[in-house]
Amino acid sequence: MENTLTPSDLSLHLGEYLRRVSREHERFVVVENGERIAEISPVHEGPKLKDLKRILDELPHLSKDEAEDFARDVEEARRIMNVPTVRDPWAS
């Protein structure tokens with residue numbers, strides 16, 4: 001079941017709702033005149049930019065032969081789809 005509340009209820013008890021979101025991971029939908037206008041829910045933390053190098057290092061790497069095969073497959077797909085070679089967007 002979804003927890004719904006009105007804007008006035010939210011303003012009167014904001015601290016309590018934030019505590020429940022933070023500690024109990026509850027989710028609330030703010031409804032005004034029968035219309036859903038906002039949602040209050042826990043923040044789901046994803047990976048951080050500082051972790052990018054580690055994440056990339058943990059990915060499986062292609063062998064030289066696999067990389068060459070992949071490059072050929074991409075070029076063949078571009079040829080079949082009549083897609084021009086990707087150009088450098090920063091070149092003037």
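Which residue in E3 is the bridge partner of Val-31? Arg-36 is, and the views below show what surrounds that pair.

**A quick note before you look.** This is a predicted model, where local features need pLDDT of at least 70, side-chain atom pairs count only at pLDDT 80 or more, and totals for chains, interfaces and linings use all residues. Residues are numbered from 1 along each chain as its sequence is written, and side-chain values use heavy atoms, with hydrogens and water left out.

**View 1. Here's the sheet, with three strands in the order E1-E2-E3.** The sheet is open and its pairing is mixed. Strands (E, at least two residues) and helices (H or I, at least four) are DSSP runs, numbered from the N terminus. Two strands pair if DSSP finds at least two bridges between them. E1 (3-5) and E3 (35-40) stand at the edges with a single partner strand each, so one side of each has no neighbour in the sheet. From one strand to the next, the twist averages 35°; angles run from 0 to 180 degrees between N-to-C directions, using axes fitted as lines to C-alpha atoms (for helices, over the stretch in contact).

**View 2. Zoom in on E2 (residues 28-32) and its two pairings.** With E1, E2 pairs in the parallel sense over three bridges, and Thr-4 stands opposite Val-29. With E3, the sense is antiparallel, over five bridges. Two residues sit between the strands of the E2 and E3 hairpin, where Asn-33 takes a positive phi near 55°.

**View 3. Now look at helix H2 (residues 14-24), packed on the sheet.** H2 touches E1, E2 and E3, with contact meaning heavy atoms within 4.5 Å. The direction of H2 makes about 145° with that of E2.

View 4. Leaving out residues up to four places away in sequence, Val-30 touches several others, including Leu-5, Pro-7, Leu-10 and Ile-37.
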